[in-house]
Amino acid sequence: MAHQNLVILTGSGISAESGVPTFRAADGLWMGHRVEDVATPQAFARDPALVQDFYNRRRRQLAEVQPNAAHRALAELAARWDGDLLLVTQNVDDLHDRAHAANPAAPGFDLLHMHGELLKAHCTITGRVLDCPGDLAPDQPSPFHPRGTLRPHIVWFGEMPLHMDRIERALGACDLFVSIGTSGAVWPAAGFVQLARHAGARTVELNLEPSQGSRLFDERIHGPATEVVPVFCSSL
Ligand code: BV8
């Protein structure tokens with residue numbers, strides 16, 4: 001069956017082979033921290049220096065990593081896809097952005113960072129977003145409000161993910177949903193497969209190993225993203 005409207009969800013597993021550590025690797029720690037302990041508004045209020053440092057280090061690391069064959073395969077697919085293709089990433093790195101910049105997509109494509117972006121910051125008072133290529137100080141003044149400071153433009157635990165209306169509309173209209181490199185541990189992204197199934201879409205999981213929601217997928221293809229994603233994309 002030829003597919004028309006595709007939604008692809010990615011998680012940190014698609015960036016793993018680029019050298020970006022995943023969240024729930026064996027020890028579940030990130031530079032000695034549990035993500036859930038530093039990626040929250042409470043942690044930021046309690047210790048802004050610790051949280052800014054956590055993101056400053058990850059932002060600096062982006063200069064050392066490159067998109068891999070899986071990111072490039074999705075960009076090649078987006079360049080030739082003649083239907084709607086929404087790429088929703090949980091990742092805050094810019095590897096998808098760079099891959100698509102090198103291979104411009106067809107008109108029906110869009111890339112959404114539902115958990116925010118390392119290379120952006122926003123004002124704590126106005127919420128206005130700006131590019132943030134460098135480090136942020138714990139009390140970085142905001143250019144948008146005299147009492148505002150700048151925080152990472154990242155969706156922390158307990159905060160509402162971005163673009164949810166758009167994502168849910170696309171899931172309700174898709175005929176193919178593909179989940180790549182995510183453990184299915186974080187909600188609401190982990191529930192997207194159910195929304196796609198309710199819409200009658202074919203659902204496929206591409207992951208190194210079965211995710212927490214593996215049984216919900218029509219098909220499961222396991223292996224490293226740089227191997228399984230290019231092969232899957234060429235089958236579409
Ligand atoms: C919200 C930014 C409500 C931070 C992130 C229902 C049930 C239970 C809990 C909840 C629930 N609803 C809400 C919650 C709470 C919480 C949650 O889900 N907690 C979990 C831990 C239980 N969710 C939230 O708080 C969300 N907010 O629901 O708000 C609300 C409602 C109204 C009004 C206001 C609020 C917000 C969640 C967003 C948190 N922010 N990221 C940062 O980056 O620092 S989440 C973080 O986890 C990353 O974005 C990451 O992408 C995401 C998911 O992790 P994965 O990407 O899947 O990474 P992981 O390591 O887990 O897995 C990697 C996978 O790749 C593995 O399966 C591995 O096998 C595979 N892999 C590894 N190598 C490879 C590979 N695959 C292929 N090839 C390889 N080479």
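Predicted model: local features only at pLDDT ≥ 70, side-chain atom pairs only at ≥ 80, totals over all residues.
At what angle do H4 and helix H5 (residues 95-102) pack, and how far apart are their axes?

**View 1. Packing of helix H4 with helix H5.** H4 packs with H5 at an angle of about 45°, and the two axes are 9 Å apart. Because angles under 35 degrees count as roughly parallel and 65 to 115 as roughly perpendicular, this arrangement makes H4 oblique to H5. The crossing in which H4 passes H5 is right-handed. On the H4 side, the residues involved are His71, Arg72, Leu74, Ala75 and Ala78, which meet Leu95, His96, Ala99 and His100 in H5. By class, the residues of this contact of H4 with H5 comprise 5 nonpolar, 3 polar and 1 charged.

**View 2. Packing of helix H4 with helix H8.** Helix H4 (residues 69-80) also has an axis that comes within 8 Å of that of helix H8 (residues 225-234), the two crossing at roughly 15°. H4 is therefore roughly parallel to H8. The handedness of the crossing of H4 and H8 is left-handed. H4 contributes Ala69, Ala70, Ala73, Leu74, Leu77 and Arg80 to the contact, while H8 contributes Ala225, Thr226, Val229, Pro230, Cys233 and Ser234. The residues of the contact of H4 with H8 fall into 9 nonpolar, 2 polar and 1 charged.

**View 3. The open sheet of 6 strands.** The strand order is E5-E4-E1-E9-E10-E11, and the pairing is parallel. From one strand to the next, the twist averages 15°. In a regular strand, side chains alternate between the two faces of the sheet.

**View 4. Strands E9 and E10 within the parallel sheet.** Strand E9 (residues 176-180) pairs with strand E10 (residues 202-207) in the parallel sense, over 5 bridges. Two facing positions can be followed along this pair. Leu176 has Arg202 in E10 as its bridge partner, and Ser179 stands opposite Glu205 in E10. Of the 6 residues of E10, 5 are buried, so this strand is largely enclosed by the rest of the structure.

View 5. H4 lies across strand E1 (6-10), strand E4 (85-89), E5 and E9, and runs at about 165° to E1. Helix H6 (residues 164-173) likewise lies across E1, E4, E5 and E9, with a direction at about 130° to E4.

View 6. Strand E6 (residues 116-123) pairs with E8 in the antiparallel sense over 4 bridges, and Cys123 stands opposite Leu150 in E8.

View 7. Asn56 is located in helix H3. With 5% relative accessibility, Asn56 counts as buried, because the cut-off for this class is under 20% relative accessible area. Apart from residues up to four places away in sequence, Asn56 touches Asp135 and Leu136. Asn56 and Asp135 are 79 residues apart in sequence, yet their C-alpha atoms are 5.1 Å apart in space.

**View 8. The surroundings of Gln194.** Gln194 has its place in helix H7 (residues 192-198). Gln194 is partly exposed, at a relative accessible area of 29%. Leaving aside residues up to four places away in sequence, Gln194 touches Trp187 and Leu216. Gln194 is 23 residues from Leu171 in sequence and 9.3 Å from Leu171 in space, C-alpha to C-alpha.

How values were computed
Residues numbered from 1 in each chain as written. Heavy atoms only, no water. Axes fitted to C-alpha atoms, helices over the stretch in contact; angles between N-to-C directions. Parallel < 35°, antiparallel > 145°, perpendicular 65-115°, else oblique. Left-handed = near helix turned anticlockwise from the far one by under 90°. Contact = heavy atoms within 4.5 Å. Nonpolar A, V, L, I, M, F, W, Y, C, P; charged D, E, K, R; others polar. Pairing = 2+ DSSP bridges. Buried < 20%, exposed > 50% of the residue type's maximum accessible area, 1.4 Å probe, protein only.
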